[in-house]
Amino acid sequence: MENIKTGFHPPMGWNSWNTFTWDINEDLIKQVADVFVEEGYKDAGYEYIVIDDCWSLKQRDENGNLVADPEKFPSGMKALADYIHSKGLKFGMYSCAGTHTCAGYPGSFEYEFQDAKQFASWGVDYLKYDYCYKPRAMDGELLYRRMALALKNSGRDILFSACNWGEDHVHDWIRSAGAHMYRSTGDIQDNWDSIKRLANSQMDKAPFTGNFCHNDMDMLVVGMRGGSNNDFIGTIGGCTDTEYKTHFALWCMMGSPLMIGCDIRKADAMTKRILMNKNFIAINQDDEARGFYVLHPEPQWLTDSGCFILVKVLADGDLAIGFFNLGEGQRGIPLQFWDLGLSTASGEMLSLYDCWEEKELGVFKGQYHVVVPSHDCVILRGKIVPND
Ligand code: GLA
């Protein structure tokens with residue numbers, strides 16, 4: 001999907017952190033770029049390849065510049081950027097608003113303009129900006145404003161991915177500070193409880209997402225299957241296929257950037273089917289990037305047991321409708337069409353398409369009822385059909 005302008009759609013790509021943490025090097029990054037092209041990720045819309053923390057030396061050089069670790073990146077960052085660009089992809093890197101990154105490497109505090117220029121000179125297209133080691137006396141909003149300004153004036157078009165874990169009421173100020181996406185949650189882990197917790201924490205955040213500044217629910221764990229060298233992310237590692245599918249559907253319906261976190265060189269068929277589901281991606285990448293609204297199905301015990309319906313109004317007038325059952329046990333979830341704005345009197349109907357099964361379900365009037373297994377979801381695209 002062609003970006004009209006940087007940050008217009010929720011960014012899509014891959015990030016090294018979830019699986020590899022410190023164990024990164026240029027061969028790995030190049031292989032990910034190759035896989036993006038050869039296995040269809042690029043065609044599906046994935047674009048950015050992002051190196052997270054642990055890429056630099058522990059000290060700046062005598063001129064105060066960040067230095068890429070020559071053991072991990074012997075050819076240097078410019079050469080790596082060139083390689084990624086030669087594949088028609090974009091290159092992302094990572095720094096931090098504090099004095100150090102979360103893993104203890106130099107942060108950009110008080111070096112914002114210098115580092116932004118450095119990233120630009122390497123050919124960086126995306127900067128993830130973390131929140132560790134922020135001097136307590138400094139205001140986070142000011143530091144994000146500073147880096148946003150530095151990037152905008154770096155001479156290169158660089159997407160700004162703010163990462164302050166949803167703290168300090170970030171949704172109130174991050175769009176005007178200049179970020180294109182911002183973490184609206186804490187760090188994800190490769191387990192179902194984490195996915196459920198992050199999704200539930202976003203229910204009141206929908207009004208804040210939109211073109212040029214997207215709510216970021218953190219990187220995807222789809223396909224990781226417990227394979228992380230990070231103790232935090234990998235604790236109680238792994239999800240079922242159904243849970244990974246629901247995770248991806250939630251991130252798509254909620255408009256989050258889609259940053260893959262698994263080792264895509266080893267992705268199995270189900271992982272690819274989930275990550276490259278074109279119907280889910282089309283909902284995520286809809287031009288109007290509207291936040292979802294939530295319908296809590298009656299009766300009350302259905303809602304209490306973890307069932308809800310997310311609805312997203314799409315640019316062409318269709319509705320994306322997601323029936324989610326995050327609870328235990330199979331449930332029937334009813335949808336009344338008047339809750340979507342359809343009028344009972346004039347009797348408009350909905351033509352429904354199942355985005356996972358890839359099949360037309362038919363035309364329905366008044367209501368629709370689905371049975372959703374535990375931890376699963378049903379994602380439909382509805383087209384309004386006049387009653388004549
Ligand atoms: C924080 C971020 C993560 C990752 C690590 C790197 O925890 O939220 O996404 O970037 O730092 O150390």
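In which loop does Tyr133 lie? In this predicted model, Tyr133 is placed in the loop between S4 and H6. The phi angle of Tyr133 is near 50 degrees, a positive value in a residue other than glycine. Most residues other than glycine have a negative phi, and most peptide bonds are trans.

The structure contains 1 disulfide. A disulfide is a covalent bond between the sulfur atoms of two cysteines. Here the bond links Cys102 with Cys132, at an S to S distance of 2.1 Å. The torsion about the S-S bond of Cys102 and Cys132 is about 95 degrees, and the disulfide is therefore right-handed.

Cys239 takes part in no disulfide; the nearest cysteine sulfur belongs to Cys262 and is 12 Å away. Seen from Cys262, the closest cysteine sulfur is that of Cys239, and the separation of 12 Å is too far for a bond, given that a disulfide requires sulfur atoms within 2.5 Å. Both residues are shielded from solvent in the model: Cys239 is buried with a relative accessible area of 11%, and Cys262 is buried at 0% relative accessibility.

At 32% relative accessibility, Ala103 counts as partly exposed. Leaving aside residues up to four places away in sequence, Ala103 touches Asp53, Cys54 and Lys58. The C-alpha atom of Ala103 is separated by 9.2 Å from that of Thr21, although the two residues are 82 residues apart along the chain.

Asn230 is found in the loop between S7 and H9 and is buried, with a relative accessible area of 12%. Another residue of interest, Arg225, lies in the loop between strand S7 (214–216) and helix H9 (231–234). Arg225 is partly exposed, with a relative accessible area of 35%, and has a phi near 50 degrees, a positive value in a residue other than glycine.

A further backbone feature concerns a proline. The peptide bond from Glu298 to Pro299 is cis, with omega near -10 degrees. Pro299 is located in the loop between strand S9 (293–295) and helix H13 (300–304).

Attention then turned to the helices. In helix H7 (residues 170–177), the buried residues are Val170, His171, Trp173, Ile174 and Ala177. The elements that cover these buried residues include H6, strand S5 (159–162) and strand S6 (181–183). After H7 comes Gly178, whose phi is positive, near 120 degrees.

The packing of one helix pair was also examined. Helix H8 (residues 192–200) packs with helix H10 (residues 241–253) at an angle of about 20 degrees, and their axes are 11 Å apart. This angle makes H8 roughly parallel to H10, as angles under 35 degrees count as roughly parallel. The crossing in which H8 passes H10 is left-handed. On the side of H8, the contact is formed by Trp192, Ile195, Leu198 and Ala199, and on the side of H10 by Glu243, Thr246, His247, Leu250 and Trp251. The residues of the contact of H8 with H10 comprise 6 nonpolar, 2 polar and 1 charged.

Key
Residues numbered from 1 in each chain as written. Predicted model: local features only at pLDDT ≥ 70, side-chain atom pairs only at ≥ 80, totals over all residues. Heavy atoms only, no water. Axes fitted to C-alpha atoms, helices over the stretch in contact; angles between N-to-C directions. Helix = DSSP H or I, 4+ residues; strand = E, 2+ residues; numbered from the N terminus. Parallel < 35°, antiparallel > 145°, perpendicular 65-115°, else oblique. Left-handed = near helix turned anticlockwise from the far one by under 90°. Contact = heavy atoms within 4.5 Å. Nonpolar A, V, L, I, M, F, W, Y, C, P; charged D, E, K, R; others polar. Buried < 20%, exposed > 50% of the residue type's maximum accessible area, 1.4 Å probe, protein only.
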